Amino acid sequence: MSIEEYKDVWVFIEQREGEIFDVGLELLGAGRELADKLEVNLCGVLLGNNVKNSAEDLYAYGADIVYVIDDPVLENYRTETYMKAVGDLVRKYKPEIFIYGATSNGKDLASAVATEVMTGLTADTTMLDINLEKRLFEASRPAFGGNIMATILCKKHRPQMATVRPKVMKKPEADFSRTGKIIEEGLGLKEEDLQTKIIDIVKSAKKSVNLEESDIIVTAGKGIKDEKGMAMVKELADTLNADLGASRDVVEAGLIGHAHQVGQTGVTVTPKLYIVIGVSGAVQHTVGMQNSDVIIAINNDPEAAIFNVAHYGIVADAFEIVPKLTAELKKALDKEGVTTNG
Amino acid sequence: MAEKFDMIIVGAGPAGSAAAYTAAKEGLKVLLIERGEFPGAKNVMGGILYRKQLEEIIPEFWQEAPLERPVVEQRFWFLDKESMVTTSYKDKSWAEEPYNSFTVLRAKFDKWFAQKAVQQGALLINETVVTECIVEDGKVIGVRTDRPDGDVYADVVVLADGVNSLLAKNLGFHKEWKPQEVALSVMEVLKLDKKTVNERFNVGENEGVSVEIFGEATKGALGTSFLYTNKDSVNIGVGTTLSGMIERKMKPHDLLEELKAHPMIAPYLEGSESQEYLAHLIPEGGFDAVPKLVGDGVIVVGDAGQFVNAIHQEGSNMAMKSGKLAAETVIKAKELNDFSEAALDSYRTDIYDSFIGKDLKKYRDAAHTFEENPQYFEEYVPMMNQAMNTFFTVDGTPKWEKQKKIAAKVTAGRGKTGLVKDMYKAWKAVK
Amino acid sequence: MNILVSIKQVPDTKVIKVNPKTNTLDRSSAPAILNPYDAHAVQEAVRLKQKHGGKVIVLSMGPPQAANAIRKCVEIGADEGYLISDKKFAGADTLATSYALYKAIEKLEKEQGIDLVLCGKHAIDGDTGQVGPGIARRMGMPPLTNVINVESVDTDNKLIRVHRKIEEGHEVIESPLPCLLTVEKTINEVEYAPLPNMLRAARYEPYVWSVDDLEDVDIKQLGLKGSPTIVGTMWPPEKSSGAEMIEGSTDEQVSRLLEVMNDTQELLAVKGGDGA
Ligand SMILES: Cc1cc2nc3c(=O)[nH]c(=O)nc-3n(C[C@H](O)[C@H](O)[C@H](O)COP(=O)(O)OP(=O)(O)OC[C@H]3O[C@@H](n4cnc5c(N)ncnc54)[C@H](O)[C@@H]3O)c2cc1C
Ligand SMILES: Cc1cc2nc3c(=O)[nH]c(=O)nc-3n(C[C@H](O)[C@H](O)[C@H](O)COP(=O)(O)OP(=O)(O)OC[C@H]3O[C@@H](n4cnc5c(N)ncnc54)[C@H](O)[C@@H]3O)c2cc1C
Ligand SMILES: Nc1ncnc2c1ncn2[C@@H]1O[C@H](COP(=O)(O)O)[C@@H](O)[C@H]1O
């Protein structure tokens, strides 16, 4: 295999019922930068049933070429069909770099494709770059308890692949004047030939909390210790009409459900205001919140790493300052309430 | 029918592992049950391991055991608010084989010791709590654990479950310990790099010191505190009897924090990082608190038997010795196939004939002496410090005059006869 | 129904420490544990065995100490354990790992027949979740990832129906056996093991295989040599310029905080709007 034959940067565009997931657009933004550095095309890979119409939308987010396979068999994600489809495309068009959103299906697909085409895959990356001198893709991710970032390279195999967590990259502004090209391919699989069958898709009643959409999040870390501390933080959150976030340690202590976990193995959030109380600031947590507009951290340890990502820091005992802050906020809000009513 | 063993040992501390090792080595079918995630996971000890008793079980254990540093110097610090009087004993021969004692970290040491027993053929299970002894016709025939299908049987059950020994209590072997019979000790392992330890404590690469601290450390209550050097950390701890704490309304955690911040101590700890914080009870009742040790099919060893020399901070050595004696007793009983109280009673006499019984007897009155006469800790340590201050502060006063002043101060404190009496009592208690 | 569970021993990442000066890992301080997701996989296998018969075989690739993780699986109720351990496996990334495991599974499949393979959703040290799908691809089995429920197994028609977690909920999917599942923690509760299992586990010695015990192995695909990815540089996470520290008494801190929050304009408006 000659690796020089491989060029272009590819992004897997995940969709459901024709609706494109944001993560794919975010990755087009990141992919654009990589493609520009390498001076190659940025390509989207769009699979599904009746999805062709959405393909042109991708130009606006930076795609030069969109590979489309439109087939009823691809209606819903299945590893066996998607792996075959993507595998065929990779073998035929030979991308140099291929990135996927680290969603359930994105990770599943990327893992299967890596084995299918025998190449390296880096999971859950948070930073992407190019070493131009060596023409190598540098995919970086937090590792080992979060105190270290590691850059993973794939020197001798192509494509160089990585999964990237949703919300880590910024979705680019759409530019509808951009144009591009669609390349359509067939799949060559019939439903009868397939092993797995999707019987049903059950959408859960709207997630109890969807931190990804929140404007204000108040997050509790292990420093709040127990239920009492949790109640204290919750009161602050309620006062602010904010959603509750938590570090993994708090979730594992059973103080709150996993849906509230912010970070690498939880959700990635970008609220306007992120108040973080008693969280030490391990990278696995900070990768999930560092793009918030304003971050206020409260921690009693002046050396806590959380102050490195916060915009405002307060060294204080949470049990002392949080109740006071809540009380003052209540007062302020009451006043405001009076003026609006009057 | 659940499985049956020759011997079940509850608790994989030094006592339990010593018993398991000794019995398994002689071919007995041994089960060792530990409630922690692994032996040593939750065990606390200041950290001095004496050579002799372990050597009797595993010769030349220092070649392979996870030890921190051999102790080459024992220091004693008498602490007042801003000063201290120190004395120490250093011995060159302690730095060489076979050594005298070692500092250890229990989490590593206990794990290793239990593993040695496993290598001899003992079966070890962790994360399993023994909830009670199974008793039939007044005979202990096995134990019940907190697991499903959790009963398991044995000819003899050895209770090595540490200071609280709820199991021995349930059998009626002892009552709830009285507050003056147990001390509460808290300690912290503080990470400090090797070079810094060597420099600050003035020791070589493979040398350690033990420091026993008296006086201000316990706010005058009966008790001691300690500072021991590990490879790249130090252990600092403080303990007093529960009764002392209750009377003086002290919280153990606060005591430790104050001790760490003490101007004489803090410089030794500067820049260190807390690694572990542990609290534990130490039996201090001594000779008179020793419970019933033997019953039909059951033997009590280690802290569960209150085998601790509170004055010299020895416990693990007594634990190992008693574990070994218990195993030897069971081995003999096995030959005769008789596990009755009478058959096992030789264990009790072995204990009293060994250094355990002798030492406990010797120090029988020590705890009471100190407990009932708090002036040892409350008055004499500050007095010593003041005396030194007066003597050594260079201010132009002739030394003989200083001596007179000191004598006057000291006797003013408690009257001459009181002082002499106290000294005599103290000497008698610990001699 | 014979079920194979692929399990990994991992350092407890909650305890692992990094030396900030040298950027090296202090692994010695972190105890080795059974990957928590894998414990759920074993529990699920045991549950299925109890319902449908057969046996539970666990397989791991790792150093000799990984036998302890296998013992843990025996506590949960696994019947047999295999450890593939060899210097030639060392330094494997996910691609090389799945190759080695595949070779071992292939042999076990030949010897005793395997109807279902289970993996954890991911291992907590690397957190990749790539090995499971990799094994499936190599075995030619359909991979069903992120499984939160095994709804039914039809042993006569060799069919399995599971619930797969997806972003918006879950999907119900049916696949022929043999297939491979990777499981989420929510699939079950790992039960407190009965005492007889504990005793069995304490005595248990897994079978240990070296490369030579496997058949038709392409050495080039193993270990470091067979790994397309390599770790380049490692560095401590970037520190931003740092926060503006709000100092003073608690009251002063609180009032400055209120100012800051006020400046985050929408903030109070959001609340006001909702309250109206
Ligand atoms: C593969 C992997 C994935 C991970 N994924 C995630 C993830 O998605 N999300 C996540 O959060 N973590 C994740 N982690 C865990 C992460 O590494 C940290 O262990 C975790 O974030 C620490 O949680 P914490 O900050 O709440 O607790 P700690 O690290 O224990 O910090 C507690 C903080 O509270 C402070 N404090 C204590 N008392 C008070 C007080 N009275 N007042 C004020 N402050 C106080 C302390 O100074 C300390 O800084 C992951 C780890 C791994 C290995
Ligand atoms: C702060 C401190 C400093 C000390 N310093 C020293 C010193 O420097 N030198 C010295 O020689 N001694 C010292 N000692 C005393 C020494 O630690 C003890 O005497 C010794 O550990 C006693 O051993 P043991 O095996 O009897 O009990 P332990 O070490 O307490 O072991 C009991 C074991 O039983 C387990 N267990 C308990 N109940 C159950 C149950 N129901 N089911 C299953 N498992 C159970 C426990 O988890 C534990 O592992 C010190 C003690 C303390 C607290
Ligand atoms: N060395 C290994 N031995 C056996 N199974 C493994 C090994 N590494 C990973 N696995 C399996 O693959 C799953 C995902 O691991 P990973 O891809 O490393 O996140 C784990 O939960 C295990 O079931």
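## The surroundings of ligand 3

In this predicted model, ligand 3 is surrounded by 18 residues. The closest of them are C:Ser6, C:Asp38, C:Ala123, C:Thr128 and C:Gly129. One of these, C:Asp38, has an N or O atom in its side chain that is 2.5 Å from an oxygen atom of the ligand. The backbone takes part as well: an N or O atom in the backbone of C:Gln130 lies 2.9 Å from an oxygen atom of ligand 3, and for C:Val131 the corresponding backbone distance is 3.0 Å. On its own, ligand 3 would expose 480 Å², and the protein buries 97% of that area.

Which elements of chain C give two or more residues to this shell? They are β6 (56-61), α3 (94-112) and β8 (116-120). The largest share comes from β6(C), with 3 residues. Sorted by class, the shell around ligand 3 holds 7 nonpolar, 9 polar and 2 charged residues.

## Strand β9 of chain C and its two partners

Staying with chain C, we can turn to strand β9, which covers residues 143-154. β9(C) pairs with strand β12 (residues 179-183) in the parallel sense, through 3 bridges. With strand β10 (residues 159-166), β9(C) runs antiparallel, and 6 bridges join the two.

If you follow the chain from β9(C) to β10(C), you pass through a hairpin with 4 residues between the strands. In that turn, C:Lys158 has a positive phi of about 55 degrees.

## The surroundings of ligand 2

Over in chain B, 37 residues surround ligand 2, and the closest are B:Glu34, B:Ile48, B:Arg106, B:Asp303 and B:Ser316. The side chain of B:Glu34 has an N or O atom 2.6 Å from an oxygen atom of ligand 2. Ligand 2 has 1000 Å² of accessible area on its own, of which the protein covers 96%.

Several elements of chain B give two or more residues to this shell: α1 (14-25), β3 (48-50), β13 (223-229), β15 (273-283) and α9 (316-336). The biggest contribution, 3 residues, is that of α9(B). Both domain 1 (4-68 + 104-177 + 288-353) and domain 2 (180-283) of chain B supply at least three residues each to the shell. By class, the shell around ligand 2 divides into 17 nonpolar, 14 polar and 6 charged residues.

## A covered strand in chain A

Finally, have a look at strand β6 of chain A, residues 97-101. How many of its 5 residues are buried? The count is 5 of 5. Cover is found on both faces of β6(A): A:Ile97, A:Ile99 and A:Gly101 are buried on one side, and A:Phe98 and A:Tyr100 on the other.

β6(A) also has strand partners. Strand β1 (residues 9-13) of chain A runs parallel to β6(A) and is joined to it by 3 bridges; here A:Trp10 has A:Phe98 as its bridge partner. Strand β11 (residues 160-164) of chain A pairs with β6(A) over 5 bridges, again in the parallel sense. In this pairing, A:Ile99 stands opposite A:Ala162 of β11(A).

Conventions:
Residues numbered from 1 in each chain as written. Chains lettered and ligands numbered in written order. Predicted model: local features only at pLDDT ≥ 70, side-chain atom pairs only at ≥ 80, totals over all residues. Heavy atoms only, no water. Near = heavy atom within 4 Å. Polar contact = N/O pair within 3.5 Å; in protein donor to acceptor, adjacent residues only side chain to side chain. Areas by Shrake-Rupley, 256 points an atom, 1.4 Å probe, with all protein chains shown as cover. Nonpolar A, V, L, I, M, F, W, Y, C, P; charged D, E, K, R; others polar. Domains from an automatic or database assignment. Buried < 20%, exposed > 50% of the residue type's maximum accessible area, 1.4 Å probe, protein only. Pairing = 2+ DSSP bridges.
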